[in-house]
Amino acid sequence: MDKIVDKTTQQQIQKQNITLPIAPASFFAMTLGLAETGNAWRNATSLWNLPSYIGEVLEGLAVLSFIWWLVLYCNKWIQHRKLAINEFNDPVQSSFLALIPESIILMAVTVHVYSLSIAISLFWIGSILNLLYGAYKLSGLWTQDRQAEHTTPSLFLTFTASILVNALAAGLLGYTNYGYVLLGIGTISWLIMDSVITQQLTVGGLGAKTRNFMGIYMAPAVILFVAYQVLAGENLSIPIVYGLMGYALFIFVAITFALKWLREQAFAPGYWAYTFGIATLSQGLSIFALKNTDFTVSILAILIFCIMNIVVLGVAIGSLRLVLNGNYFPK
């Protein structure tokens, strides 16, 4: 009898050992940060003849992280359905579900240099899911009750940032007209939502536990800076690019001045949100530097590229420490 009990206990222990952790959809921010850092390195390779393998390693890590977080997310719906449903219905956390189709779109950007057919398939899957979820969440703003504290920069993920990434990828894959349609949706949504979010930030503030959402706040400006250049190609308007660059840098500097306030939130996986913004800004500057002989743009491209690497490395090291201490996943 004791042997049977021991065997049952061992089986239960083994089952517990292989239980997958529960991860919120916001953890897909790691995929976005790695993918955009890889894209920035790809541009840096063309601009400064840096080693090409670094960008490809980062892109590979982005793919692996996407697969990992997708497995965990699917497992949550299978093993912890109530938690998944609560996240889907949560007025703040549900915005991060937009990271899933956005990650799929960035996977298309990642692999397009290796297989155009796979990239196109991934793009259209991610693009359609992105628009459907964005429209669904927009309708929710009209039909569901919300509190003032529910208005945070995370709203940009659903209506603006993910759709502008969609436009960027469309331009990269040659769907220029469709890309401009997406650019219109994302830009107009940004102009509307920015006034709402800025009003809440200036009047209601942002709690310390959600300060990393400010990494999302700079996303629309920097993505639009990149997306316009990709879509316009050789027909871009230099004054418009300077204007977009100026606002993107202005927001970056403002967030830098707020570092003391931001660091009141202890380091957490949500810090990956900062890597996406700075990496996209670096990408936009390097693209502009390739098309422009302005010495100032070149210096800015080098400076932001260096800052990007410091930020990404710092967040990666911090994340590794959380993993080693067993504190990465929520308990």
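Student: What do the side chains of Glu 59 and Arg 42 do?
Tutor: They meet in a salt bridge, at 3.8 Å from N to O. A salt bridge here is a side-chain nitrogen of Lys or Arg within 4 Å of a carboxyl oxygen of Asp or Glu.

Student: And where do the two sit?
Tutor: Glu 59 is in helix α3 and Arg 42 in helix α2, 17 residues apart, so the pair links distant parts of the chain. Helices (H or I, at least four residues) and strands (E, at least two) are DSSP runs, numbered from the N terminus.

Student: Before going on, what kind of model is this?
Tutor: A predicted model, in which local features need pLDDT of at least 70 and side-chain atom pairs count only at pLDDT 80 or more, while totals for chains, interfaces and linings use all residues. Residues are numbered from 1 along each chain as its sequence is written, and side-chain values use heavy atoms, with hydrogens and water left out.

Student: OK. Is Glu 59 buried or exposed?
Tutor: Glu 59 has a relative accessible area of 1%, so it is buried. Buried means under 20% relative accessible area, exposed over 50%, and partly exposed in between (1.4 Å probe, protein chains only). Arg 42, at 15%, also counts as buried.

Student: Which residue does Glu 56 form a salt bridge with?
Tutor: With Arg 42, the closest N and O atoms being 2.9 Å apart. Glu 56 lies in helix α3 (residues 52–79) and Arg 42 in helix α2 (residues 29–48), so this pair ties together parts 14 residues apart in sequence. Glu 56 counts as partly exposed because its relative accessibility is 24%.

Student: How many salt bridges does the structure hold?
Tutor: Four. One of them joins Glu 264 and Arg 211, with the closest N and O atoms 2.9 Å apart.

Student: New topic. How many aromatic pairs are there?
Tutor: A search of the whole structure finds 25. Among them are Phe 27 and Tyr 328, whose ring centres are 5.3 Å apart with planes at 70°, so the pair is edge-to-face. Rings of Phe, Tyr and Trp (its six-membered ring) pair if their centres lie within 6.5 Å; planes under 30 degrees apart count as stacked, over 60 as edge-to-face and the rest as tilted.

Student: Which residues do ring pairs link into a cluster?
Tutor: Phe 27, Trp 68, Trp 69, Tyr 328 and Phe 329.
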